[in-house]
Amino acid sequence: MSGLVPLPVVVPLLGAALTLLLSGRPRLQRSISVLCLSSVLVVAAVLLVEAYRFGPVVVQVGGWPAPVGIVLVADQLAALMVLVSSAVTLCVLLYSIGQGRGETSETAPVSIYHPTYLVLTAGVTNAFLAGDLFNLFVGFEILLAASFVLITLGGTEVRLRTGSTYVVVSILSSLLFLSAVGLVYAATGTLNMAQLAGRLDALPSGVRLTLQLMLLLAFGIKAAVFPLSAWLPDSYPTAPAPVTAVFAGLLTKVGVYAIIRTETLLFPGGQVAGLLMVVAGLTMVVGILGAVAQSDLKRLLSFTLVSHIGYMIFGVALSSVAGLSGAIFYVVHHITIQTTLFLVAGLVEERAGSTDLRRIGGLARVAPMLGVLFFVPAMNLAGIPPFSGFLGKLGLLQAGVAAGGTLPAVLVGAGTLTGLLTLYAASRVWNIAFWRAPRLASTTVPARLPGLMVGATTALVALGVLFTLAAGPLFQVTSNAATDLRERTPYVRAVLPRDVP
């Protein structure tokens with residue numbers, strides 16, 4: 001099965017090249033894009049089953065053995081991330097096709113949406129599968145280069161202004177990451193993560209801590225943890241709805257994934273656990289307080305996105321099997337739910353002409369299906385039983401209680417408060433935008449929403465419900481992944497020959 005590992009990266013890149021050549025034929029572009037992402041979804045499912053049954057699936061790119069060559073590794077964590085991200089990117093692509101994204105226009109005379117979107121997908125999957133730090137950096141740069149195009153799509157003044165902020169912050173985090181990569185190589189002589197798992201332990205504690213903090217700072221910016229998250233609420237809401245949705249669902253989670261991978265494989269032992277707990281608590285509370293204060297649906301969702309990153313960092317900080325399992329489960333849940341809610345926000349904008357809560361109302365009466373599509377994922381995000389959001393939060397809070405101590409207890413309280421305030425924010429949106437008397441912002445909006453947009457959103461809502469129904473098997477996968485992360489041995493033995501130090 002090792003021959004399947006590069007396909008989630010290679011297939012979207014080949015599709016991007018082909019769709020770029022066919023820029024004057026949008027129907028063919030759409031077909032190729034859907035075929036590519038559907039293929040990646042099938043491959044990811046096979047890789048997850050293989051990793052679950054037999055352990056990490058490894059490919060030495062070009063036949064060069066580790067640690068010299070590039071290694072792609074599909075362990076249970078990486079395969080699960082690729083599977084969920086593939087499902088989400090496919091649904092968002094269908095949504096964007098229903099919205100008419102990717103067609104040629106005066107503002108975009110060449111159909112660049114599909115090639116760029118496929119490149120973004122390749123960057124995400126490459127980051128998840130990367131077996132060395134430099135290839136992880138390459139994955140980040142691929143997805144960021146594509147995101148620079150997507151976030152400014154259309155070239156409006158607002159998008160260019162907020163996109164400039166996003167570009168500057170992304171370049172800064174990339175420079176920090178590249179500097180850390182250079183220092184890691186200078187200190188250890190390798191960038192292969194399996195080999196680094198042994199060599200970093202031999203470094204002086206001060207050098208090791210410096211490298212750890214530099215990587216955490218770079219990944220913290222990408223993951224939008226407090227206080228490194230100020231750029232996100234201003235950047236994401238201005239992009240087109242499908243772009244905002246895929247950014248919210250995936251890009252910050254790639255940063256979280258990098259934190260999980262490096263903190264467990266390269267820097268085990270919880271040396272910065274206290275710092276991570278403080279950051280997690282502040283991210284949860286400050287983010288949700290920002291959400292409560294918003295009057296625009298997209299900005300409100302952007303702040304909830306920041307806030308719920310704190311739950312994942314809390315699980316990483318605990319560094320126990322239960323904490324890591326809860327964090328991974330919550331990443332999977334949040335990728336799906338946050339993407340869904342941003343797609344719903346796009347539907348609200350299509351139907352009401354605005355996402356400003358002061359200008360809209362009565363959507364539950366004029367568009368009851370839209371009300372259902374918002375209500376289910378909103379309650380899931382808030383953590384209402386029996387949804388997966390509740391199960392993920394419960395797992396993390398139980399892990400915090402089991403850890404004992406003052407900081408975990410404070411974080412349990414912060415997580416509970418954040419859940420309640422998320423419920424308040426979601427209820428407020430429901431009462432204003434959906435339940436009060438009709439107050440549509442425009443009288444020229446379409447009476448019916450495009451069927452493909454509604455269908456893609458419904459599929460993601462159903463996926464979120466499926467995580468609830470299949471919570472037992474999913475927790476089994478996340479627990480296995482967390483156990484392997486803690487032990488490190490399965491990953492190292494799968495990547496390195498026995499005689500490599």
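View 1. Helix α19 runs over residues 471–487, and its 17 residues reach 24 Å from the first C-alpha to the last, close to the 24 Å expected at 1.5 Å a residue. That expected span is 1.5 Å times one less than the number of residues in the helix. Helices here are DSSP runs of H or I with at least four residues, while strands are runs of E with at least two, and both are numbered from the N terminus. Keep in mind that this is a predicted model, in which local features need pLDDT of at least 70, side-chain atom pairs count only at pLDDT 80 or more, and totals for chains, interfaces and linings use all residues. Residues are numbered from 1 along each chain as its sequence is written, and side-chain values use heavy atoms, with hydrogens and water left out.

View 2. Which residues of α19 are buried? They are Ala471, Leu474, Val477, Thr478, Ala481, Ala482 and Leu485. These residues cover an arc of only 135° around the axis, so they sit on the same side of α19. The arc is taken from the directions that lead from the helix axis to the C-beta atoms. Buried means under 20% relative accessible area, exposed means over 50%, and partly exposed is in between (1.4 Å probe, protein chains only). The helices that the buried residues of α19 pack against include α2 (26–54), α10 (241–266) and α18 (451–469); contact means heavy atoms within 4.5 Å.

**View 3. Arg488 and its partner Asp201.** Just after α19, Arg488 takes a positive phi of about 70°. Arg488 also forms a salt bridge with Asp201, where the closest N and O atoms are 3.1 Å apart. The pair links distant parts of the chain, 287 residues apart: Arg488 is in the loop between α19 and α20 (489–495), and Asp201 is in the loop between α7 (193–199) and α8 (205–223). A salt bridge is a side-chain nitrogen of Lys or Arg within 4 Å of a carboxyl oxygen of Asp or Glu. Are these two partners buried or exposed? Arg488 counts as buried, at 17% relative accessibility, whereas Asp201 counts as partly exposed, at 40%. Look for Arg208 as well: Asp201, Arg208 and Arg488 are linked in a network of salt bridges.

**View 4. Two further salt bridges.** A search of the whole structure finds six salt bridges. In one of them, Arg299 pairs with Asp234, and the closest N and O atoms are 2.9 Å apart. Arg299 lies in helix α12 (residues 297–318) and Asp234 in helix α9 (residues 232–235), so this pair ties together parts that are 65 residues apart in sequence. Arg299 is partly exposed at 26% relative accessibility, and Asp234 is partly exposed at 42%. Arg358 forms a salt bridge with Asp356, with 3.1 Å between the closest N and O atoms. Here Arg358 counts as exposed, at 59% relative accessibility, but Asp356 is buried, at 15%.

View 5. Val278, Leu282, Val286 and Leu407 make a nonpolar surface patch of about 280 Å². Helix α11 (residues 273–292) gives the most to this patch, with three residues, while Leu407 is in helix α17 (residues 406–435). Leu407 is partly exposed, with a relative accessible area of 34%. Patches are made of residues with over 30% relative accessible area and no salt bridge, joining like charges within 9 Å and nonpolar side chains (Val, Leu, Ile, Met, Phe, Trp, Tyr) within 5 Å. Accessible areas come from the Shrake-Rupley method with a 1.4 Å probe, and for residues only the protein chains shown count as cover.
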